[in-house]
Amino acid sequence: MKRVITPAAILATAVLLVAGCTPGSNSDSGSSDSKTFEFWSFTGINQKAAVDTYTKAHPDVRVKLTEVGSTSETAQALTTALAGGKVPDLVLIQGDDLPKFMQSPENFVDLATLGADQKKGDYLDWVMKQSMTEDGKIIGIPTDVGGMAMVYRTDLFKAAGLPTDREQVSKLWPTWDALLDVGRRYVQATGKPFLDNVPTSVFFQAVNQGSERYYGPDRKLSYDKNPQVKAAFDLALKVHAAGITAKQASWSTGWTAGMGKGDFAAVSAPSWMLHAIKTNAPGTAGKWDVATIPGGSGNWGGSYLAIPKRAKNAKAAWDYIAEMQSPAGQLAHFLQQGSLPTTPSVYSDPQLLAKTDPFFSNAPIGKIYTDSVVGIKPFYIGPDDPTIGIELLNALTSVEQGKVAPDQAWSTALTNVKNALRG
Amino acid sequence: MTTVLRPATAAKATGQPTRQRRIQLGVRERLAPYAYIAPFFLLFFIFGLFPLLFTFYVALFDWDPIGERHYVGLANFSELVDDPRFWGALRNTFSIWLLSTVPQLLLALGMAHVLNHVRLRAATLFRMSVLVPYVTSVAATTIVFAQLFDRDYGMLNWFIGLLGFEHIDFTASVWGSHIMIATMVAWRWTGYNTLLYLASLQSVPRDLYEAAAVDGANGWKQFRHITIPALRPIIVFTVITSTIGGLQIFTEPLLANPVGGLTCGAARQCQTLTLFLYEQGFGRFSFGYGAAVGVALFVIVVIVAAINYLLVTRIRSERP
């Protein structure tokens, strides 16, 4: 008797659970209010402001906004939801996480069917390309890009006898080698580090400025053969050898503390990092300014809005995308929040060009950052990009921490990437 | 319903249990205990056994949670054996476990002995305050400790600097990061174990200590010959629970060293097995490989528990 019951019970339970977990067994498609939809976003980017703007204009619409967590936590939550759970109607996906979801486009609504095919021309082509499948399905609409610039402390530059005007500072470093010379001069004059670190402030910027990153144009892995990746890596090692950095890994507690204390004078800052600098070092308001990145242009980051296939109210979610991510919508969001539009038609808008930020000595952030994303050479970003990026970054961090010899760094990095790509 | 009940009521009325009723009673009495324990086992099957078996199943696949899955047999396990990251995580797990558990239990034992002292004033205050770290959020504890151990701005390195030594980059080195995490774990659990020991100590008759004192035994001798033997069963219990907990340390390494995402440092110097599992399963979404790590962890815990069990039975048979 007992012997029969136990396996039967397990089987019954298993069947129940598996049925509940299978994608497509959509039992919760009950009727819902057509004016209500659920929206998952990241923390720290104040998506609530955009939602408030929208609901003010449409008082009959209700948006249930959930700030899930960091960008990767949001992607993790979305993965579990897609694998078998309640999915949101609208979700924000960070650019580096997108390729993973692009591998299974059947999990998302093809936005072309909702009218996105008429709007795709509004966006930067190389950004739009990332969220389109080869057969023309549109999975996501880009919400912002991560244009590049350098932020620097005018007070510390002055003390070191360097120019402080942003035009002159930008002219100091047309190339990364020139930046290295400026760094040497700064360290000689003050005895203090110039940059925060090598892996993020040098390597991650330089590698994102190339015409090809870890995948070739044929969408096959090429990180170990691509001379541009190796050049960015070698540049990072060269800057390390010059000893001009504080060796504070980005986002670590020491990085935040050092920024507040002025223990380094310059940080590479994609447009989305300005917010982090403001919140991490509020006492330094007005002491920063923004100059161009060596090399002039580049992009790191950016996000997309997507609608999961099982969404209850795809229509309401699409209406939100269509209105808030239109060129006018993105411009308004930029003026309010500072995230950089992906719609080049507004790049010459007088309001965007006139936008300044008092925290950064009234630098015209609209102009500086949009200048850095026009004329970018697009490259393919694949599903393993985040893994490869982290391993290369980690190898350089190990060099800074004195755990890996610089001449061993590249081979260590390649071994680590190979290990990380298994499984 | 009523028809079923009728014979029973009839039997009750006559006061003479029939043979049928006696059998019924016997069956009920024999089944009742199973019904009482059923809720636990039902929940255990759903939330314990099923996920466990399912993990074994998933480990045989190349499993993308939102995409395709292919049966690969034992390939995940052979990959795992060749993967230096797995062996590194195993080393880190055991090192952090030893560094946190051993000092923690010794300290708890000593503290329980002191807190049990007759002449201790405000005993309840002290006894309750050892539990404060346990009720503090792990995330908050971890963030505070990570700042204490910081290379340039941490309080610990400030003292080290005052003493004229060079700053130590705790998070960057293997030992430094292990000591840092072990400290967090010990900080959290020492008070909890102290209370367990204390509760057990309070059942030890005071006369024993008084008699020992009269016989001239000092504090250490009392501790060695009365406290420790009395605590033997509870020591065994805490060793087993802290072993199982110690092999599954996760939150501390996840939050202590944000450099490198889920790797606990650029060289994975403090990535534990559970964090490696999480990195594979939910960072890279390789459910199959992550599940294989889970199975390996399961086997390791079973082996360590078996060793524990053998040691425990030896200690039990050793009578004081």
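User: Two residues are in contact if their C-beta atoms, placed from the backbone, lie within 7 Å. On that criterion, how many residues of chain B are in contact with chain A?

Analyst: The model is predicted, and it scores ipTM 0.82 and pTM 0.84. On the chain A side, 30 residues take part in the contact with chain B. The number of chain B residues in contact with chain A is 31.

User: Which helix of chain B gives the most residues to the side that touches chain A?

Analyst: The elements of chain B that give two or more residues to this side are helix H2 (19-58), H4, helix H7 (138-148) and helix H13 (273-283). The most comes from one of these helices, which gives three residues. That helix is H2(B).

User: In which helix of chain B is confidence lowest?

Analyst: Chain B has a mean pLDDT of 86, and 92% of its residues reach 70 or more. Confidence is highest in helix H3 (residues 75-82) of chain B, at 94. By contrast, the pLDDT is below 50 over residues 1-13 of chain B, a stretch with eight contacts in the model beyond near neighbours in sequence. The lowest mean in chain B, 46, belongs to residues 2-14, helix H1.

User: Over which residues of chain A is the pLDDT below 50?

Analyst: The mean pLDDT of chain A is 88, and 92% of the residues in this chain reach 70 or more. The stretch below 50 has 18 contacts in the model beyond near neighbours in sequence. In chain A that stretch is residues 1-31.

User: What is the radius of gyration of chain B?

Analyst: Chain B has 14 helices and two strands, and buried residues make up 34% of its 320 residues. Its C-alpha trace spans about 95 × 75 × 35 Å along the principal axes. A compact globule of 320 residues would have a radius of gyration near 20 Å, whereas the value for chain B is 27 Å.

User: At what angle do helices H4 and H11 of chain B pack?

Analyst: Two packed helices are described by the angle between their axes and the distance between the axes. For H4 (residues 84-115) and H11 (residues 219-246) of chain B the axes are 10 Å apart, and the crossing is right-handed. Among the residues making the contact are Trp97(B), Gln104(B) and His113(B) of H4(B), and Phe223(B), Val239(B) and Gly246(B) of H11(B). The angle between H4(B) and H11(B) is about 145 degrees.

User: Is Arg268(B) buried or exposed?

Analyst: Arg268(B) is in the loop between helix H12 (251-256) and H13 of chain B, and has a positive phi of about 55 degrees although it is not a glycine. A residue is buried if 20 or more other C-beta atoms lie within 10 Å of its own. Arg268(B) has 25 C-beta neighbours inside 10 Å and therefore counts as buried.

User: How many C-beta neighbours does Phe285(B) have inside 10 Å?

Analyst: Phe285(B) lies in the loop between H13 and helix H14 (287-317) of chain B. Its phi is positive, about 60 degrees, although Phe285(B) is not a glycine. Phe285(B) counts as buried because its number of C-beta neighbours inside 10 Å is 23.

User: What distance separates the C-alpha atoms of Trp255(A) and Asp196(A)?

Analyst: Trp255(A) is found in helix H12 (residues 253-261) of chain A, and is buried, with 25 other C-beta atoms within 10 Å. Leaving aside neighbours within four places in sequence, Trp255(A) is in contact with Asp196(A), Gln248(A), Ala249(A) and Ser250(A). Trp255(A) and Asp196(A) are 59 residues apart along the chain, and their C-alpha atoms are separated by 7.2 Å.

User: How many residues are in the largest nonpolar core?

Analyst: The members that touch the most others in this core are Ala149(A), Val151(A), Phe203(A), Ile307(A) and Ala317(A). A second, separate core of 40 residues includes Ala182(B), Leu275(B), Phe282(B) and Phe287(B). The number of residues in the largest nonpolar core is 116.

User: Which helices do the buried residues of H14(A) pack against?

Analyst: The buried residues of H14 (residues 314-324) of chain A include Ala317(A), Trp318(A) and Tyr320(A). Not counting residues up to four places away in sequence, Ala317(A) touches Phe37(A), Asp89(A), Leu90(A), Ile307(A) and Ala311(A). The buried residues of H14(A) pack against strands S1 (36-42), S3 (90-94), S4 (140-147) and S8 (299-306) of chain A, and against helices H2 (47-57) and H15 (327-337).

Key
Residues are numbered from 1 along each chain as its sequence is written. Chains are lettered from A and ligands numbered from 1 in the order in which they are written. This is a predicted model: local features need pLDDT of at least 70, side-chain atom pairs count only at pLDDT 80 or more; totals for chains, interfaces and linings use all residues. pLDDT is the predictor's confidence in each residue, from 0 to 100. A nonpolar core is a set of buried Ala, Val, Leu, Ile, Met, Phe, Trp, Tyr and Cys residues joined through C-beta atoms within 7 Å. A residue is buried if 20 or more other C-beta atoms lie within 10 Å of its own, exposed if 12 or fewer, and partly exposed in between; C-beta atoms are placed from the backbone. Helices (H or I, at least four residues) and strands (E, at least two) are DSSP runs, numbered from the N terminus. The radius of gyration is taken over C-alpha atoms; the globule rule is 2.2 Å times the number of residues to the power 0.38. Axes are lines fitted to C-alpha atoms, for helices over the stretch in contact, and angles run from 0 to 180 degrees between N-to-C directions. A crossing is left-handed if the near helix is turned anticlockwise from the far one by less than a right angle, and right-handed if clockwise.
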